[in-house]
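Hello,

Here is the structure you asked about. Please open it alongside this email.

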Amino acid sequence: MSLHDFHIGSPMTFIGLDNYKNLAGNRRFLESIGHTFYFTILSVLLPMLLGTLAALVFHKKFRGRGFFRTLFIMPMMATPVAVSLIWTMMFHPQLGVLNYLLSLVGLPPSQWVFSPGTVIPSLVLVEVWLWTPFCMIIVLGGLASLPSEPYEAALIDGASQWQMFWKITYPLVAPFLVVALIIRTIDALKAFETIWVICNGGPGTSSETLNVYLYNQAFAYNQVGTASAVVVVFFAIIVALSLVNSAHPFTLAVLPLFVIQKLGAPTGTVGILLGVIAFMEMPVMIGVGALARRLPVWQIIVAGGILHAVFMLA
């Protein structure tokens, strides 16, 4: 269908690769790719960091721990659409509670989702509030499964808290961090409800991700052929990232870093943050590990990348 000019209610006309050629020169489409990377990286990194910190806090024993754990995971019980409607009211420049809270501490009001420069960070704020408990639960499960013997031996040897975290806790919890990272990345790449309900990809197209662009092309403009081409390109991007990640995880940070730098973010800070993500990431080879002894390395990498991409689009 991506090779046809197809409008809903009209017959299909074969046009070859014209849809792809038009996308290559479509600035709005190219900007939506940058918005997707920008939104995804922030929506994955911040919940991962805050969720890990929350897990470390709630892993310790203190009075009322069960109550505060329950309170912390309550955002996960709400549907994304309901959460988005509530945050829409909170983001209102004049009537929203967020600007009122800023005024209490002497800060100027913000336009939040009504400004092109702050709309994506504001949407990420919603994602952080909604999905940090999810990351916390996964990491907390990993912490609960850790043995106590390495910590007792480390205390006898005079290790500091930071040394025990970096040498014992982090290596043992790393597989749980990878699981949380993969699941969060999948959810962030597929994010649609939050963006659509709060700002419809606006102001203008400043928060239009690939999913929102795809929806507009298919159901707002009836450009089904163009929308099909967008799906194919989106799939190719995910396959490419999966292959790069499977071959060399650190190079995963190069393309998003370039995109975010073009959007005006500080390169040094973004480079450090993406380095953290790439360091924690591992090759995703689910489903092909059993074939490792029968297939050449390049075939294993390709198979793992394709399975990863299909899993992310499912």
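Below are the notes on what was found in it.

This is a predicted model, where local features need pLDDT of at least 70, side-chain atom pairs count only at pLDDT 80 or more, and totals for chains, interfaces and linings use all residues. Residues are numbered from 1 along each chain as its sequence is written, and side-chain values use heavy atoms, with hydrogens and water left out.

**Nonpolar cores**

The largest nonpolar core has 22 residues. A nonpolar core here is a set of buried Ala, Val, Leu, Ile, Met, Phe, Trp, Tyr and Cys residues joined through side-chain atoms within 4.5 Å. Buried means under 20% relative accessible area, exposed over 50%, and partly exposed in between (1.4 Å probe, protein chains only). Phe39, Trp87, Phe91, Leu123 and Ile198 touch the most other members. Two or more residues each come from helix 2, helix 4 (80-90), helix 5 (97-104), helix 6 (119-144) and helix 9 (193-199). Helices (H or I, at least four residues) are DSSP runs, numbered from the N terminus. Helix 6 gives the largest share of this core, 7 residues. A second, separate core has 19 residues, including Ala54, Ile138, Leu140 and Leu146.

Not counting residues up to four places away in sequence, Phe91 touches Leu98, Trp112, Val113, Phe114, Ser122, Leu125, Val126 and Ile198. Contact means heavy atoms within 4.5 Å.

**Helix 2 against helix 10**

The axes of helix 2 and helix 10 (residues 210-220) come within 8 Å and cross at roughly 145 degrees. Axes are lines fitted to C-alpha atoms, for helices over the stretch in contact, and angles run from 0 to 180 degrees between N-to-C directions. On the helix 2 side are Arg28, Phe29, Ser32, Ile33 and Thr36. They meet Leu210, Tyr213 and Asn216 in helix 10.

**Proline 116**

Where is proline 116? Proline 116 sits in the loop between helix 5 and helix 6. Proline 116 is exposed, with a relative accessible area of 53%. Beyond its neighbours within four places in sequence, proline 116 is in contact with Pro203 and Ser206. Threonine 205 is 89 residues apart from proline 116 along the chain, yet their C-alpha atoms are separated by 8.4 Å.

Best wishes
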